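Have a go at each task before reading its solution.

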Amino acid sequence: MSNSFLIILGIITPLFAALFSYICRYNNNLRDSFGIIGGLVTFLISLKIFHGIQNNEIFQITFFTLFDGVDFTFKVSALGSIFSLVASSLWILASIYTIGYMRGAGEKNQTRFVIFYSIAIHAALAIAWSGNLLVLFIFYEILTFSTFPLVGHKQNAESQSAGRLYLSILVGTSLIFFLPAIFWIWLETGTLDFQDGGILINQFPAEYLSLLIAMLVFGIGKAAIMPIHRWLPAAMVAPTPVSALLHAVAVVKAGVFSFLVVIVYIVGPEFLLQTKSSDWLVWLACFTIMASSIIAITKDDLKARLAYSTISQLSYIILGAALASSLALKGASFHIITHALGKITLFFCAGAIYVTAHIKKVSELKGMGFKLPLIFFAYTLGALSIIGVPPFIGSWSKFYLIMGSIEREFIIVAIILGISSLLNIYYLLQPVVIGFTQISRREVKLTKAPLTVWPPVITGLSCLIFFFYANYFLNNVSGVIVS
Amino acid sequence: MFDIFLDDAAALVVVLPLLISAIIAFMPSKIWPWIISLVTLVLHLVLSLHLLKEISISGLIIYEFGNWEPPWGISFKIDGVNIGLQLLFSIFVLISTFYSRKIFLSEIDSRDSGKAYSLWLLAIGSLNGIILTNDIFNLFVFLEISALASISLIALGAGQNRKALLAAFNYLIIGAIGATFYVIGVGFAYAMTGTLNMNDLVIQLAQYSDGQLAIFAGMSFMLIGLMVKAAIFPVHIWLPPAYSYAPSAVSTLLAALATKTILYFFVRLLYEVFIIYPSYLSLFLDFVLYPLSLLAIFIGTLIAIYQDDIKKLLAFSSIAQIGYITLAFSLKDHSGITSGFIHIFNHALIKGGLFMAVGYFAILYKDRVTLSSLRGFGYKYPITSFALLICGLSLIGLPLTNGFISKLYLFQALYTNQMYFSIALVAVSSALAVAYFWKIVEQMWFYEIKFKSEKEDAYIYLPIWIITVSIIFFGIYSSPIIEFSNLSADYLISGYQN
């Protein structure tokens with residue numbers, strides 16, 4: 001198979017999954033199986049592309065010219081190959097999980113749900129493989145619009161207003177800041193293509209670079225930096241498979257991925273290090289990390305707590321991009337993988353607890369540890385990975401981020417990362433402690449939903465296993481980042 | 001035999017609809033007026049294509065009526081500036097006429113069909129005259145014919161809602177004031193120069209090179225009159241009720257083309273004639289048109305957000321969009337004029353598509369379309385709803401639609417003129433456009449309400465989809481529109497430099 005054909009196939013497969021799900025909408029088992037099949041196909045393609053990138057192959061396809069210097073083109077970068085690998089592999093597990101969750105929770109409109117779920121994956125893959133900033137923007141918007149029906153899935157007043165907030169923040173910021181920033185880059189350089197080392201150096205007035213960075217980081221609302229983070233907790237009204245795959249992996253990672261791509265392939269780390277235009281962003285990211293960790297502690301609702309934890313973790317990646325040193329960028333890119341694995345585990349567990357025991361709050365988890373041992377086991381693995389305890393995969397990215405901040409002589413940042421880890425321990429492990437130590441007199445009726453239990457166990461164990469194979473990913477990451 | 005007709009193509013595109021309009025006025029049949037109009041407009045399109053061919057060879061056609069030479073007789077002028085608009089006009093009227101039949105059938109008394117199509121052709125002929133005429137008084141005549149025809153068409157909406165009469169009356173009074181202003185200005189110009197022909201006017205005005213108060217007064221009267229007619233903020237108040245109470249087919253025609261043709265003449269007058277007083281022109285553009293455009297963009301968008309009636313919402317959005325066009329025209333350079341023309345083309349398609357879709361919904365709902373009345377339409381009428389969604393995304397200006405191309409070139413023009421405040425304002429108001437458009441989408445797809453629905457009518461959704469496909473087509477392959485707009489700007493700017 002030729003390389004360009006692989007790209008088309010990979011991007012189209014989720015759309016076919018959506019189409020077949022619609023055609024087979026009257027047969028529930030057949031309908032839901034297309035998610036798994038689609039996940040397997042895209043995963044194999046992503047894996048092949050990932051290996052191809054490691055062997056310096058070029059994956060590129062151009063369809064047509066949109067306007068001067070900007071084509072509708074896909075070109076897989078090293079960063080993109082990682083993101084697509086994460087999104088597609090987790091899609092397989094999430095599809096299995098979705099079957100268990102949606103049926104266990106008795107949700108309505110399941111066909112609409114799977115269709116938009118697949119379209120969202122399609123958009124995420126296209127973002128990963130986009131060849132220039134405008135193509136990325138197009139699929140960024142498609143991702144927003146395709147996840148809107150998922151956020152508003154329950155169709156009650158709460159999800160309506162959450163959906164409205166979700167859409168207005170994400171589309172609003174992208175139209176007010178992101179798109180004008182893209183125009184600006186195009187007007188100054190005449191191109192929007194992703195190139196190693198960036199395209200702005202010697203082309204863009206250095207004194208305005210800080211403003212451009214600000215427009216980008218606030219325009220890419222999916223990266224959820226404060227004060228543009230409100231949509232993420234609001235989106236938690238969606239069914240848990242959405243929170244798990246989309247609001248811990250595909251959507252938010254698409255946001256930080258976009259920002260990372262802009263820093264690495266558009267602005268260029270070298271230009272950033274010369275001008276120090278992103279140093280202010282380091283502090284904003286630190287503020288977001290601390291503030292959202294503190295908010296997370298106050299949340300009793302498990303999903304809300306995880307949402308604020310996500311906001312905090314996303315800012316790690318923005319922090320790494322803002323530091324722009326090679327170690328920090330390595331850590332930031334790697335954090336896309338590690339946080340995805342850890343956070344999807346936690347969300348899977350939160351959903352599984354809801355489906356089996358109908359509990360949403362941390363304080364009601366008393367004694368549940370003994371009743372749901374597998375779920376709590378998986379949860380602990382995921383939490384430890386996010387905290388950054390060796391031997392879990394999350395420790396690598398945190399290690400590189402701290403090294404990166406020391407490399408740039410931001411010692412305070414390294415200290416803040418340490419404090420944040422302590423806060424992580426508190427708010428992520430508290431449910432486990434409550435679950436195993438306190439005894440509840442309340443009788444809880446358990447419903448069995450095995451399909452929601454095994455996916456988190458698999459992702460949780462892989463957090464442990466991949467610690468030892470981190471080089472497999474890190475090679476790809478460091479290959480692209482210009483030191 | 002056809003050669004005889006083709007020689008007079010420039011006159012026939014205006015005269016043919018006007019003639020046929022008189023013939024079908026008293027036809028009692030329900031369907032023949034429509035068929036005859038359709039055939040007329042197919043011929044109209046053929047004539048326009050012939051004009052395009054001629055222009056691509058010679059670059060300029062001056063058609064003298066009755067062979068009276070220009071300073072004395074009336075003449076039409078076709079050149080690079082208006083050929084693109086002529087083509088768009090021709091294609092769009094054909095599509096909207098095809099669309100109009102079923103709409104008219106259910107909105108007006110079927111016995112009035114002949115009258116409706118007579119007025120319809122009258123409006124089309126006179127609006128086409130505005131595009132082609134090279135004579136400032138002749139323009140006044142076409143303005144008046146088109147206004148009277150549109151007013152009567154709007155008043156036909158009275159069968160649905162009596163407020164249509166009030167809207168038509170408002171338009172009549174305000175339109176008459178605008179026309180009076182314009183004709184007073186023409187009077188001043190004629191008194192000073194003794195000519196009405198636009199090319200000759202430029203030559204004659206040159207003798208007052210230091211300027212004369214009477215000429216400035218005349219120019220101001222003409223511009224204000226045209227601003228009223230083109231619904232430029234704040235003299236736009238006739239437009240929202242007129243568009244929203246007219247029969248749906250009529251609002252489609254008016255929203256897509258009526259203000260656009262007048263805007264075209266407005267910019268032609270500015271850059272072809274008034275350009276010989278650069279200081280007056282830049283005074284008008286910088287201190288009148290530019291701030292008014294910004295206000296139009298912002299206030300039009302804000303008012304649209306708070307509308308419950310969909311047609312009114314679209315009408316206020318039109319006020320904002322006209323603001324984008326005049327903002328581009330106020331920039332005084334090639335990039336600005338180009339982007340203004342690009343948006344004239346693109347917005348005609350977008351608004352035409354939106355009004356067509358909403359017009360169809362009005363018929364299905366059998367009442368005025370408000371936000372809540374659209375509930376569940378996304379599921380019941382998916383074909384039309386999906387077209388509406390695409391047109392709306394284009395209105396917001398998302399990539400792969402032609403609205404994005406408009407926005408891109410507007411940003412570029414503003415950027416080269418270093419108008420950063422305007423860029424910010426345009427960015428913010430295009431994000432606000434999401435707010436009013438998304439309210440519609442939300443109602444259509446996120447409430448499910450059980451009601452009896454009919455099958456969608458291919459006669460209606462076919463033209464809607466032709467427009468929708470063209471919106472995507474010109475979003476991906478934008479060079480035809482950009483080239484026509486470049487051509488228009490080239491011709492106008494060459495006058496600017498000489």
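**Exercise 1.** Are α4(B) and α11(B) roughly parallel or roughly antiparallel to each other?

*Solution.* First, some housekeeping: this is a predicted model, in which local features need pLDDT of at least 70 and side-chain atom pairs count only at pLDDT 80 or more, while totals for chains, interfaces and linings use all residues. Residues are numbered from 1 along each chain as its sequence is written, and chains are lettered from A and ligands numbered from 1 in the order in which they are written.

Step 1: find the helices, α4 at residues 80-107 and α11 at residues 248-273 of chain B. Helices (H or I, at least four residues) and strands (E, at least two) are DSSP runs, numbered from the N terminus.

Step 2: look at the axes, which come within 7 Å and cross at roughly 160°. Axes are lines fitted to C-alpha atoms, for helices over the stretch in contact, and angles run from 0 to 180 degrees between N-to-C directions.

Step 3: apply the classes. Angles under 35 degrees count as roughly parallel, over 145 as roughly antiparallel, 65 to 115 as roughly perpendicular and the rest as oblique. α4(B) and α11(B) are therefore roughly antiparallel to each other.

Step 4: list the contact, where two residues count if their C-beta atoms, placed from the backbone, lie within 7 Å. Among the residues that make it are B:F89 and B:F92 of α4(B), and B:L253 and B:Y264 of α11(B). By class, this contact has twelve nonpolar, five polar and two charged residues. Here Ala, Val, Leu, Ile, Met, Phe, Trp, Tyr, Cys and Pro count as nonpolar, Asp, Glu, Lys and Arg as charged, and the others, Gly among them, as polar.

**Exercise 2.** At what angle do α5(A) and α9(A) pack?

*Solution.* Step 1: α9 covers residues 240-267 of chain A, and α5(A) packs on α9(A) at about 165°, with the axes 12 Å apart. The two helices are therefore roughly antiparallel to each other.

Step 1: check the residues. A:L143 and A:T147 of α5(A) are among those making the contact, as are A:A254 and A:S258 of α9(A). The classes come to eleven nonpolar, two polar and no charged.

**Exercise 3.** Is A:D300 buried or exposed?

*Solution.* Step 1: locate A:D300 in the loop between α11 (279-298) and α12 (302-323) of chain A.

Step 1: count neighbours. A residue is buried if 20 or more other C-beta atoms lie within 10 Å of its own, exposed if 12 or fewer, and partly exposed in between, with C-beta atoms placed from the backbone. A:D300 is exposed because 11 other C-beta atoms lie within 10 Å.

Step 2: see what A:D300 touches. Leaving out residues up to four places away in sequence, these are A:K361, A:V362 and A:S363.

Step 3: compare with A:N3, found in helix α1 (residues 3-23) of chain A. A:N3 has 15 other C-beta atoms within 10 Å and is therefore partly exposed.
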